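Here's a quick walk through one model, with the cut-offs spelled out as we go. Have the sequence and the 3D view open while you read.

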Amino acid sequence: MSTTTKKSPEIKPNANRIITLDEFIIRSEKDFEFATGELTGLLRDIGVAAKIVNREVNKAGLVSIVGEADGASNTSGDTQQKLDVYANEKLIECLQNSGECCAIASEENDDIQLIPKVGSKQSHYVVLFDPLDGSSNIDVNVSVGTIFAIYRRKSPAEGPAQLDDFLQPGIRQVAAGYVLYGTSTILVYSTGRGVNGFTLDPSIGEFCLSHRNMRIPDSGNYYSVNQGYYSKFDLEMRRYIDHCSDQNYGLRYIGSMVSDIHRILIQGGIFLYPSTRKFPKGKLRLLYECNPLAFVVEQAGGKAVNAQLKRILDIEPKELHQRSTIAIGSPVLVDELKAFIERYSALPL
Ligand code: AHM
Ligand code: MG
């Protein structure tokens, strides 16, 4: 019998180690000003909901869940798709299970909804979301997304949440992000310390860190706008769109804001939803769409303003379903648009 012992192979740090969303969230907890674990729990709840919604979105063509929900339309008068309703329910269920938030507001519901307390837990957060943005794309197998925003409540934690807890400017978001159900599913979020993206690995059912510290290019060669409404846009917007075309910027418009913004975040460019005759104040919702995406884009080094050149994140919301115009994307391009607005706008800014 040999008396020599075999030396164990040295275990070196693995630079390619997979970091799951859960692990990343827990590790980042110390970054939060109020690190009680509530926000960590909330982000994890959203991650779970995203996986459930992703499962349904991915089999949308296989089951009879696609198509419009019978007679249902949301508070803004849009026809609801069945998957909207499903995604809405799943998000609410996931958020209420852990009791980490005290109330939610969804683009699909008229009013805020209070979440019953879990045990004696006092929650300090409210969550707003657009459960399935761009849902008119579902029937034609084009990418859609979920958008979310988290705020710390203003009202005392002992009592029920109030509408005012939701009507806070976007700069007060403590976290915001989106899930893009695209060729792969990616969850991108920020807690105000940069932006990170996690791609869902279907083989292990986990979101894995794939896009660390995302930075938007300073400029870009893409513009994204529904150019079909060109004749309904104000002069300054038409002039800017002409300029984009003169500069040979490529036009890319999916009609799903999350998808369009995701491309711009990665490749650079500008996304515009100006006022039209049908939507003089813009179509997109300040609280559910503009604010969370502006938060992410600003955190990645970009800019977001409305047609009056006011920073989106500084707008004081007056109502839950308020709409806003928006120009968002690479800083050089947003500044370029600003110059056009200042030059051609007939309105006092
Ligand atoms: P939705 O929340 O009802 O899906 O609407 C929002 C969507 C955005 O994702 C997209 O940018 C926009 O509506 C497209 O609108 P339009 O078809 O007018 O260009
Ligand atoms: Mg939407």
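## Cysteines

A disulfide here is a pair of cysteine sulfur atoms within 2.5 Å. By that rule, the count is 0 disulfides. Take Cys101: it is in no disulfide, and the nearest cysteine sulfur, that of Cys102, sits 6.6 Å away.

How buried are these cysteines?

## Ground rules

This is a predicted model, so local features need pLDDT of at least 70 and side-chain atom pairs count only at pLDDT 80 or more, while totals for chains, interfaces and linings use all residues. Residues are numbered from 1 along each chain as its sequence is written, chains are lettered from A and ligands numbered from 1 in the order in which they are written, and side-chain values use heavy atoms, with hydrogens and water left out.

## The magnesium site

Which residues hold the magnesium ion (ligand 2)? Its protein donors are Glu107 (OE), Asp130 (OD), Asp133 (OD) and Glu289 (OE), at 1.9 to 2.7 Å from the ion. Asp133 is in strand E5 and Glu289 is in helix H6 (residues 286-299), so this pair ties together parts that are 156 residues apart in sequence. Both Asp133 and Glu289 are buried.

Along the chain, the donors of this ion follow the spacing E-x22-D-x2-D-x155-E. Donors are N, O and S atoms within 2.8 Å of the metal (3.2 Å for Na, K and Ca), and water is not among the atoms, so sites may look incomplete. As for the element names, helices (H or I, at least four residues) and strands (E, at least two) are DSSP runs, numbered from the N terminus.

## Salt bridges

A salt bridge means a side-chain nitrogen of Lys or Arg within 4 Å of a carboxyl oxygen of Asp or Glu. Searching the whole structure turns up 15 of them. One of these pairs Asp22 with Arg44, with the closest N and O atoms 3.8 Å apart. Asp22 lies in helix H1 (residues 21-28) and Arg44 in helix H2 (residues 38-58), so the bridge links parts 22 residues apart in sequence. Asp22 is partly exposed at 27% relative accessibility, and so is Arg44 at 33%.

Arg27 is partly exposed at 45%, as is Glu23 at 25%. Arg17 joins Glu23 and Arg27 in a network of salt bridges. Over in helix H7 (residues 331-344), Lys338 and Asp335 lie 3 residues apart, about one turn of the helix, and their side chains meet in a salt bridge at 3.8 Å, N to O.

## A nonpolar surface patch

Val140, Val142 and Ile254 form a nonpolar patch on the surface, with about 220 Å² of accessible area together. Patches are made of residues with over 30% relative accessible area and no salt bridge, joining like charges within 9 Å and nonpolar side chains (Val, Leu, Ile, Met, Phe, Trp, Tyr) within 5 Å. Areas come from the Shrake-Rupley method with a 1.4 Å probe, and for residues only the protein chains shown count as cover.

Where does Val142 sit? It is in the loop between strand E5 (125-133) and strand E6 (144-152), and at 33% relative accessibility Val142 counts as partly exposed.

Conventions. Buried < 20%, exposed > 50% of the residue type's maximum accessible area, 1.4 Å probe, protein only.
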